[in-house]
Amino acid sequence: MATHFDAIVIGAGQAGPSLVGRLAAAGRKVAMIERKLFGGTCVNTGCTPTKTMIASAYAAQMARRASSYGVTLSGGVAVDMKAVKARKDAITGRSRGNIESWLRGMQGCTVYTGHARFAAPHEIRVGDELLTADQIFLNVGGRAVVPSLPGVDRISYFTNSNLLDLEEVPDHLVVVGGGYIGVEFAQMFRRFGSKVTIVEKSPVLMQHEDEDVSSAITDILKKEDIYLRTSAECIHFEPRGAQVTVGVSCTEGDPEVVGSHVLLAMGRRPNTDDLGLDKAGVKTDERDYIIVDDQLRTSVEGIWAMGDCNGRGAFTHTAYNDFEIVAANLLDNDPRRVSDRLPVYGLFTDPPLGRVGMTEREVRKSGLPALMGTRPMTKVNRAVEKGESEGFMKVLVDAETKQILGASILGVGGDEAVHCIVDVMYARAPYTTIQRAVHIHPTVSELIPTVLGDLKPLQ
Ligand SMILES: Cc1cc2nc3c(=O)[nH]c(=O)nc-3n(C[C@H](O)[C@H](O)[C@H](O)COP(=O)(O)OP(=O)(O)OC[C@H]3O[C@@H](n4cnc5c(N)ncnc54)[C@H](O)[C@@H]3O)c2cc1C
């Protein structure tokens, strides 16, 4: 016998629980199915634990630099990984527990723990139960890619999920992948005291960023004695006693790096391969992401896909915005769309990178008539006062419409300061709105009007 619901939500990630809350409040009978940890990737193995541990790494780094601020510490700096992990576990555990108890106590919501799979377009099997619903919402997220590189099946490696549970500082962490996740982990573990090498197959780290951004990040990492092996066209693995050999080059330089621990940070893939999507007729693209329209409807009527599994975003804020879009369309008669969203994200190295809109590379490619303003962080009083003046800011403006096209702020507080640009872009206001605004002194944001007052044509 099947149990019928008005709606079934699969995955308690960053969109599902909030949608359950809205649907239940609207009087719908809802089933929430989660197979593992409430809160999904962000809360358990992504944003929250990494940013919590990055805070520990920052504290270690500031302690090492204390004397440059006139602060004397007696004794050296040591990192207690068990205590770092315990702090991380307390913060993630609280967050996970809050989500789970909220859902379990919610009137109109029945929580199922287990792996959900389609049996038919509107039928879901979870354990021994069969559930049916008129509306089904997929929020199944993604997981780390384990590439089929030679030897990978013969070594023990880490992904973002289990590296966060180490209780000792690795002697030598080899991070395979120089993108956002790899770079954050590399700096974090270097600051905990590990030797760190990043192995990246493309010629640069953070290859999706502009060249000046990616090279400034590279310099910051090199200054902390993080080793880089870019253009590693020949990555393979081999166990060597308790260590692992990572082959990096078949032609020049040292052919291999030997590490005590290997982190695979080579991208993410959607959790769509074990959902029985074929039973429902839900279409996916060539990379297994669920195909959705601008309002997140899948190819099957009555089934929606939100968050990382639809390939329309790879962040917590995009997953949450997907919830807002679906809820607005279904419950508020408000036709919100994915295409209304601006690309915005952060890289949480120290200093962080705040990004919005187009990169300089994209602007150049578009052929738009553009103006650009840049300033190094050494011109930001607050950064100098804090002793954290690495990086720079860059803003691109459409010369005709005067609207801001994009910005990159790599520097202390850049992840926060970028939001004054984000908001003006959403308001579709001209850049002069910020240029004429009076910002608080001394802040990082205070230099943005100055940058906008000195724009030059993009050559
Ligand atoms: C190391 C790391 C750091 C990150 N840092 C940031 C950051 O700083 N900022 C940011 O914005 N983003 C960050 N992200 C990305 C962010 O975590 C994800 O974009 C976000 O969690 C996506 O949310 P989601 O709801 O789509 O999926 P998820 O959070 O992955 O949730 C999906 C849920 O579905 C469940 N599930 C899957 N399949 C089934 C099934 N068949 N049956 C039942 N349940 C199922 C899973 O168990 C999971 O709980 C980071 C990611 C990583 C890996």
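Predicted model: local features only at pLDDT ≥ 70, side-chain atom pairs only at ≥ 80, totals over all residues.
**Helix packing, strands and backbone exceptions**

His 236 stands opposite Gly 247 in β12.

Next, strand β14, residues 261-264. Its pairing with β8, residues 172-176, is parallel and covers 4 bridges. Within this part, Val 174 stands opposite Val 262 in β14. Are the residues of β14 buried or exposed? His 261 and Leu 263 on one side are buried, and so are Val 262 and Leu 264 on the other.

Now the helices. Helix α3 covers residues 47-64 and helix α6 covers residues 180-192. They pack at an angle of about 45°, and their axes are 8 Å apart. Angles under 35 degrees would count as roughly parallel, and 65 to 115 as roughly perpendicular. The two helices are therefore oblique to each other. The crossing of α3 and α6 is left-handed.

What meets what in this contact? From α3 the residues are Thr 50, Lys 51, Met 53, Ile 54, Ser 56, Ala 57, Tyr 58, Ala 60, Gln 61 and Arg 64. From α6 they are Glu 184, Phe 185, Met 188, Phe 189, Arg 191 and Phe 192. By class, that gives 9 nonpolar, 3 polar and 4 charged residues in the contact of α3 with α6.

On to the loop between α3 and α4, where Asp 80 has its place; α4 covers 81-104. Asp 80 has a relative accessible area of 46%, which makes it partly exposed. How far apart are Asp 80 and Glu 168 in sequence and in space? They are separated by 88 residues in sequence and by 7.8 Å in space, C-alpha to C-alpha.

The last topic is backbone geometry, for anyone checking torsions.

Two cis peptide bonds first. One runs from Asp 350 to Pro 351, with omega near 0°. Pro 351 sits in the loop between β17, residues 344-347, and β18, residues 353-357. Another cis bond joins His 441 and Pro 442, where omega is about -5°. Pro 442 is in the loop between α13, residues 432-435, and α14, residues 447-452.

Then two positive phi values. Asp 225 is not a glycine, yet its phi is positive, about 65°. Asp 225 lies in the loop between α7, residues 211-223, and β10, residues 227-229. With a relative accessible area of 45%, Asp 225 is partly exposed. Lys 402, likewise a residue other than glycine, has a positive phi near 70°. The loop in question for Lys 402 is the one between β20, residues 392-398, and β21, residues 404-410. Lys 402 counts as partly exposed, at 35% relative accessibility.

Notes:
Residues numbered from 1 in each chain as written. Heavy atoms only, no water. Axes fitted to C-alpha atoms, helices over the stretch in contact; angles between N-to-C directions. Parallel < 35°, antiparallel > 145°, perpendicular 65-115°, else oblique. Left-handed = near helix turned anticlockwise from the far one by under 90°. Contact = heavy atoms within 4.5 Å. Nonpolar A, V, L, I, M, F, W, Y, C, P; charged D, E, K, R; others polar. Buried < 20%, exposed > 50% of the residue type's maximum accessible area, 1.4 Å probe, protein only. Pairing = 2+ DSSP bridges.
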